[in-house]
Amino acid sequence: MGYNATDGLFYQELTPIGGSIAGSFFVGAIPIVVVLVFLGAIRLPAYIASFIGLVVGIFISIFAWHMPAQLCFLSIAAGFAFALWPIMWIVVNAMLVYNLSVHSGLFDSFRRWMIWYTPSDRRILLLIIGFSFGALLEGVAGFGTPGAICSSLLVQLGFDPVQALVLVLLFDTTPVAFGALGVPVTTLASVTGLPAKPLSAMIGRQLPLFALFLPSYAIVILGGWRSLLTCWPASLVSGLSFAIMQGIMSNLVGPELPDVVAAIVSLICTITLVQFWKPRDHADWAAKYTLVSAEDMAAMGGNKVEKTNTTNPAADGDLGRLEYGGRPAEDGNLNQLDNANANGYEDKTELGNGELGNSYVEENRNACDAQTNNVPKNVDQDADGPQVHAIEMVGAEVDPRGRKPNLWESILAWYPWISIAVLVIIWTFVGIANYGAKSIPIQGLNNQVYLTLYNKKYAALYAFQPLATGTCILCSAILFFILLMATGHKPIILWWSIRDLFHQLFFPIITVMFIIALAYLFNYSGIAYSMGLALSSVGKAFPFLSVFLGWIACFLSGSDTSSNALFGNLQVVAARQIGLSPILMAAANSSGAVMSKMISPQNLTTGVSTIGLRGQEGKILRRTFFHSLILVSLLGALNCFEQYVIPGIIPPA
């Protein structure tokens, strides 16, 4: 096989390595292993590791799978296009909303709302923000946005940045199959020819079981079994409410709303519970405002926070907040000023190479001494000047939680996230994304590859939707900006927010382009199908290994949707050959894919973009890889149990 000069087609070779299925599998897996090793072991930044993996993939595609070089680079170009639109288009606009929230000060209001209306317990905040709120973001946007936004909020509530992102990525599993209003499931239905509702129902008979125990699992990771013993009611309510609603909606309604409804119900149930109950050791887990380095604040979209109140903070009980221009500290370094001495200050600042120096602390004190009650005043800054630092100051008359948000502030704090959810739901059900949509053939690649496994030509069509979900989120950002202008904020915050997008997402965009290009190369060269064929040849063990097909595909693409497009139909073909349920195996592909979201370079690089850990994706990977393997193995065991022990649970096609 290979290139045929007679008909001009490239025929994919399924066993190019000496005719061996196993040999072809292991050679095909080399680019994946390269990415993992360079990212996790050698600790290179994700964009470099992904680039090296892509280069290795090019050599293997051309010299082992005998793919013509022209087709090779055209498939890479197709991957670049898909990475930019629609995937990163969604992320860019979601991050624009986040940046506007940060620069307007509403993100701080959102944080203060969490502290005032929930117990100031990091475990409770983790459940509300990381699990329930993160699931809501995944349900309406997906593509890594929960990792970026939720981890930033947790860091500002006293979490270690690495710990915050690891836990948020761990949570961003069970909602993923129904993310972006069910796009992964509808994609799975389209590529397999199976009805969407039975697929949704089957996934809803797997993932809710993990959602039930995932909050408790995360609490144990955070603080050990002892922390769970005092916090189990909250973790149970959070997980149980989400699991029940996800199961009901996926089985009775369809794939569009399980995440959104389950996340909202979980939020309401958890927040309601903690109004009447709180862990007895909550004081040991108290959340704190944290002062981050200037460079980290820049990464969080916090170069500047607009001053909205220059009155004496002590007069209205506000938390002492100092806006000060300091020089950047070392990347990834959290700086925190706590309060203990007689003046209300204790310097616990850890400085990067001493760059901020003693003058920084001295000016903090001078600024505070200028106010009564040792509360700092707002220090003026021009539009192009200093960085901003939020400092926790506690005096005799200042509540450590900050000023309690009033009703209007609470509405504004929640507005951007609720508006995105509502607008995306309307956008999806009205079908606005279909207007102006075009299917553009990729010249030189379209129908130039022959899918040997399926005995048909491989279409290469770029589905361009100018009104895709990312555009919907952009509309939400525009409405949010108009609201900010109407409430007295300055237009400059839009420039600050757009400027920060470049710093936050330049390297994530490059990383996603490289990793999606590698996924496309796997598709069109035939490597993906060789690996899939190898796993499908194991017979009765296939239900266990089938979840690893989705796991591998999502690692490459960072997307459950792309995973289903890649291996969904292969699962069905293998299931029919072995005599297994096509519905179960197709659903297992989607369920298995969600377990590798936490290790995908796309999600890692997006996640670190807001917490000052850029280039340290390998540190996160080393923390999440073990959990990913545990969860996907448990899912494989569940898949076998449902196929061989309780097959009646599988809905009919």
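Tyr450 stands opposite Lys457 in strand S7. The model is predicted, with local features requiring a pLDDT of at least 70 and side-chain atom pairs counting only at pLDDT 80 or more, whereas totals for chains, interfaces and linings use all residues. Residues are numbered from 1 along each chain as its sequence is written, and side-chain values use heavy atoms, with hydrogens and water left out.

**The sheet**

Strand S6 (residues 449-451) and S7 run antiparallel and are joined by three bridges. Two strands are taken to pair if DSSP finds at least two bridges between them. Strands (E, at least two residues) and helices (H or I, at least four) are DSSP runs, numbered from the N terminus. An open sheet of four strands has the order S1-S2-S6-S7, with mixed pairing. Its edges are strand S1 (2-4) and strand S7 (456-458), each of which pairs on one side only. On average, neighbouring strands of this sheet are turned by 40 degrees against each other, direction ignored; the axes are lines fitted to C-alpha atoms, and angles run from 0 to 180 degrees between N-to-C directions.

Helix H17 covers residues 492-525, and its 34 residues should span 50 Å at 1.5 Å a residue; the end C-alpha atoms are 48 Å apart, which agrees. The expected span is 1.5 Å times one less than the number of residues. A kink of about 50 degrees lies at Leu505 in H17, shortly before the proline Pro508. The bend at a residue is the angle between axes fitted to the seven residues ending there and the seven starting there. Of the 34 residues of H17, 25 are buried, so this helix is largely enclosed by the rest of the structure. Buried means under 20% relative accessible area, exposed over 50%, and partly exposed in between (1.4 Å probe, protein chains only). Just after H17, Gly526 adopts a positive phi of about 100 degrees.

Helix H20 (residues 560-578) has a kink of about 45 degrees centred on Phe567. At the start of H20, a side-chain oxygen of Ser559 comes to within 3.1 Å of the backbone nitrogen of Thr561.

**Salt bridges**

The structure holds six salt bridges, each defined by a side-chain nitrogen of Lys or Arg within 4 Å of a carboxyl oxygen of Asp or Glu. The table gives examples.

| Pair | N to O distance |
|---|---|
| Arg112 and Asp108 | 3.2 Å |
| Glu409 and Arg403 | 2.8 Å |
| Arg499 and Asp500 | 3.8 Å |

Asp500 is buried, with a relative accessible area of 0%. Salt bridges with shared partners join Asp108, Arg111 and Arg112 into one network. Arg112 and Asp108 are four residues apart in helix H5 (residues 106-117), and are therefore separated by about one helical turn. Arg112 is buried at a relative accessible area of 5%, and Asp108 also counts as buried, at 15%. Glu409 counts as buried at 16% relative accessibility.

**Backbone geometry**

Most residues other than glycine have a negative phi, and most peptide bonds are trans. The peptide bond from Trp85 to Pro86 is cis, with omega near 25 degrees; Pro86 lies in helix H4 (residues 69-104). Ala180 has a positive phi, near 50 degrees. This alanine, Ala180, lies in helix H9 (residues 179-192) and counts as buried at 11% relative accessibility. Asn447 also has a positive phi, near 60 degrees. Asn447 is found in the loop between strand S5 (438-441) and S6, and counts as partly exposed at 30% relative accessibility.

How values were computed. Polar contact = N/O pair within 3.5 Å; in protein donor to acceptor, adjacent residues only side chain to side chain.
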